[in-house]
Amino acid sequence: GSNAAYVESWAASKTAGGNPGSGDDPVYSTLTVRVNEIMPYGNGDSTWVELYNSGSSAVDVGGWKLAVSNGTVIDTIEIPSGKSVPAAGYLVLSAADLGSAFAPAASGGDIYLFEAAGGALTGSETSLQYAGVPAGKTAGFEVFTDSSMEEGTLVSATPGAANAEIAVGDVCITEVHYNPPDGVAEFMEIQNAGQSAVDLSGWKVEGIGLTFASGVTIGAGKTILLLPAAYVATDGVTSVTVDTASYRSAAGIDSSIHFIQYSGKLSNRGELVAVKEPSSTGTYYLWSDAILYSDDGYWPSAADGNGSSLHRVSCEAPGYEPGNWKAASPTPAKAFESFMVSFYPPKKRVGRDD
């Protein structure tokens, strides 16, 4: 693909150490079979992994290898002979098929699928790298309108069928001004789209290096404005400290809006930004929402240094979807405007406890 922000644009080099300076480096072929959905150990009545074949012919995966990584422990499992993934279809492998070593952790990990032929690995592989999964839920891929694939907790488990969409938690990202003109501060907005206040103590916003302090809450329907500690002046060089009182006055922002500053910076090219909630044990994170924006592809070009910001269309649909964002004039900490379009009909929102 042309969008360098997406994993689909990359492949593993066949040359050990790569081939710097050359555009002709051979790469391993892309598999039509992928790890599509998993039920982690302990999350449901059984543990399973689903494979999907996007190709036009059935694929015999007997003898292929699955590797399950839960932190530092990696268990490699051979898929039994006689297992095949039909064309444009699914194969669900259970713990009964794969043995007790197949125990992907609910706290997150990696599952690798290695192609084998004649008893030897071919070098082609695919994987599912998943974050923490709430009890009763699965993790898997959703394919978006620009053909990108992103992973997340799914609204519902769908073994042997097309995946449900990625669930969005109560706290969602509603506006991202990632590449403002020089002399203007970038910013992000998050909103609580749920019915109750959320305690953000210990939550993180990955991508800008922000961890919320103890005692920070966001009320139902309320917005928090996230501002950088500094921005670049109109000369394109000088760093200017963001004074929140001056910013509030200049932007006409009500005193009831909570400002929180971060030390990092949003990439001008595109990056993953995720709102993450600590699990009940505090040992891993569950994802409430995420965006993998880009200055390329289907993402609105007007937000790439041309004065506009990215505005969320709906918190009912995943932030990964380019069609769920539009470019418009920046509105820091103003009421979230839902630009509801036919692309996303209204539906029941999925909260963290659903």
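A: Glu206 is partly exposed, with a relative accessibility of 32%. Buried means under 20% relative accessible area, exposed over 50%, and partly exposed in between (1.4 Å probe, protein chains only). The model is predicted: local features need pLDDT of at least 70, side-chain atom pairs count only at pLDDT 80 or more, and totals for chains, interfaces and linings use all residues. Residues are numbered from 1 along each chain as its sequence is written, and side-chain values use heavy atoms, with hydrogens and water left out.

Q: What does the side chain of Glu206 meet in a salt bridge?

A: A salt bridge is a side-chain nitrogen of Lys or Arg within 4 Å of a carboxyl oxygen of Asp or Glu. Here Glu206 pairs with Lys276, at 2.8 Å from N to O. Glu206 belongs to strand β15 (residues 204-206) and Lys276 to strand β22 (residues 272-278), so the bridge ties together parts 70 residues apart in sequence. Strands (E, at least two residues) and helices (H or I, at least four) are DSSP runs, numbered from the N terminus.

Q: Is Lys276 buried or exposed?

A: Lys276 counts as buried, at 13% relative accessibility.

Q: How many salt bridges does a search of the whole structure find?

A: Five. One of them joins Lys65 and Glu78, whose closest N and O atoms are 2.8 Å apart. Lys65 is in strand β4 (residues 65-70) and Glu78 in strand β5 (residues 73-78), 13 residues apart. Lys65 is partly exposed at 23%, and Glu78 is partly exposed at 47%.
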